[in-house]
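Thanks for coming, everyone. Let me put the chain up on the screen first, and then we can walk through a few of its elements together.

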Amino acid sequence: MGVARALVVGLLRILMILILGSWVSLWLLKPTDLWTRKWRRAEDHVRTAILGYYGLNFAVYTFPIIALAIIGLVYLNFKSIEMRRRRSRSAVTALFNPLVVSSLLGVVSAAEILAICLFILFLVWTFYARIYKDLKNLMPIKSLALNTWQLKYLRVATRFGLLAEACLALLLFPVLRVMPLFRVIGIQFESSIRYHIWLGTALIFFATFHGASTLFVWAISHHIQDEIRKWQKTGRIYLAGEVALMTGLIIWVTSLPMIRRKRFEIFYYAHHLYMVFLLLFLFHGGDRHFYTVFPGIFLFGLDKILRIIQSRPKTCILSATIFSSRAMELTIPKDPRLKYAPTSIVFVKIPRISKLQWHPFSITSSSAADEEMITIIAKCEGKWTNDLYRMIHEELASDAGQTNCPPVYIEGPYGPPSINFLRYDSILLIAGGIGVTPFLSIIQEIGSSQSSGNFRFPERVQLIYVMKKSQDICLLRSISHLLWKQTGEKHHLKLKVYVTQEEQSDATSRTIFQDGFSQVRTVHFNPKSANHTAHGPGTLLEMAAIALIAAILFFVLLLSLNHIFLPQQKKPVKPKLKAKGLEAKDKIPSSVIDLILVASFLLSIVGSAILAILLRWRRLKKEIPPSPPKKAGNRNLYETDPRGTGADDLEEHEIYFGGRPNFRDILSKFPGESGGSNVVVLVCGPESMKESVARACREIHPASSARTRPKFTFHSLNFAL
């Protein structure tokens, strides 16, 4: 079975490479005269057939990426099983080590630099091929009296619109959570968000140049009043493009860091204008241009509806713990059958705080250590988390005893299909502030595996925890039992704490740890009011089946609605009419054709949603009722270690005050301390800290000889709170 499974994984990987290569080749050939001639001939051939030009556009431009997502889901299903059986290291790991470290881009790997360069070359090629033909065959526009330079500038502005279209084609892929286009290559949702930001910024730049330059040409030619309000019956609708540009600018401005971090609600609600933007883009560009960007829109729409369904029904918070550092730990029941990898995240909505807002949080628990509960830690950073803090404080202050569980909706978990960090000899975890949360799940996963002899686990784990105040030590409470029970353990955990804004105190390490772990308050809610547990997304094969059915349903609806509502051409278009641009399609308002596409899309999403609801209902019928949290799991250090056993183990951990760590020194010494030649460095925290660690990791390699040089693998994690 293992050999057959490996063969299936290999064949699926080859198939995905072929599909992706064909789709990329299509984009490269699209600006050429060869493709234009072949494509017009193909459209003429199918125009009188059942398929129609719209069916051909969907089959060529849209379906390959949908097929890639479907095959990717099947591939991840088999790969996750295979990765649990083998712990081999990838030969291309070095491509993901930091190559460029800058305050503008952050930490960028060699693979990312290569992808960026290839995308820029593609944009240059597309612009050059298009503008070369335009300037070579420059024709005056009858409705506009433009001189030569104005006409050339208008052509340049038009082609910048095509560059914006290319960015839009990729824009939604990085934010997919259920559909696995980026997960196939090992990039998780929280890490791919920055690609969405880069593509969105490029899209707005190209679209703004396109729109502003067009308006400029209209203005200097004294046609702006005539053109700016046009809603043409056929062709590009200018008014739709203008409103789409304004909508895009609103989305982009409210996404800037100074607004997103301080006024999250504005960012969150403004981002939902994407529906208006995409609809207006369809009206402006027409259905033929829309099919090229439709793969991302189709997958995103399907992804969105599946996420809404899988977050129902609501569950509850079983217990909440408040730490002295204004952080909160929430315990939520889960189905024992739900498994997730460390570093996974969940999205949480609490109706008592907001009926609309979802917030991501890193999971701090391990499904291997606790099969019935998920725990997350949130820190007061904005209005939503402050409201949550006040809500828990009110429950603590009330004298009602156990109250009903606060209802909560859970979406996820989303995370890697396998535990890649287990492939290495030693692990160096570097965390800053609340960035320690994903590492808590990693440490618990390794700790729970000590009794398992099935796989080879890292023997040395070192956690470098940088914090402003020593009270943040309380965030390590969930792994406190692993910090002192070190004697005779196979997997050794070493902790080094750096407190940057406090001076050295007279207290011992033991006292500081005990004080931090004990300064907590916990409220337990009535578990009898909890009707459901968190189930997580459906299986990967179920998602693949739903995506396939949705694509088939859309294709059938598209053909059917076009044949019902649009007059069909029974004869090929005559060359003279084609030269004048007069086709049967042109007799119908282009907005009607666009609305048929939208209707087909919405109906296919509704159909796939019904199927997903049925599968969800079937899964809920087999649900195991939630059980109350085990209070033993919430004990502090004093309760677990009342006689002070383990005090010597606490003393072996190190605490430094009044300064930041020297990451270069830490990285150079760690291989000798751990005794491992293959080291993975995981970093999570502020961007400035990630950049410092990346620079140190990059500098160590040239500083040592090839024989003595440790093999570092760098990974930057994004914490969710």
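Which residues of helix 13 are buried? Before I answer, please keep in mind that this is a predicted model, in which local features need pLDDT of at least 70 and side-chain atom pairs count only at pLDDT 80 or more, while totals for chains, interfaces and linings use all residues. Residues are numbered from 1 along each chain as its sequence is written, and side-chain values use heavy atoms, with hydrogens and water left out.

Buried here means under 20% relative accessible area, with a 1.4 Å probe and protein chains only, and helices are DSSP runs of H or I with at least four residues, strands runs of E with at least two, numbered from the N terminus. In helix 13 the buried residues are Trp 384, Thr 385, Asp 387, Leu 388, Tyr 389, Met 391, Ile 392, Glu 395 and Leu 396.

Let me turn to strand 5, residues 327-333, where seven of seven residues are buried. Ala 327, Glu 329, Thr 331 and Pro 333 point one way, whereas Met 328, Leu 330 and Ile 332 point the other way. In a regular strand, side chains alternate between the two faces of the sheet.

As for its partners, two strands pair if DSSP finds at least two bridges between them. Strand 4, residues 319-323, runs antiparallel to strand 5 and is joined to it by four bridges, with Ile 322 opposite Met 328. These two strands form a hairpin with three residues between them, and Arg 326 in the turn has a positive phi of about 60°. Strand 8, residues 373-379, is also antiparallel to strand 5, through seven bridges, and there Ile 374 stands opposite Ile 332.

Terms used: Buried means under 20% relative accessible area, exposed over 50%, partly exposed in between (1.4 Å probe, protein chains only).
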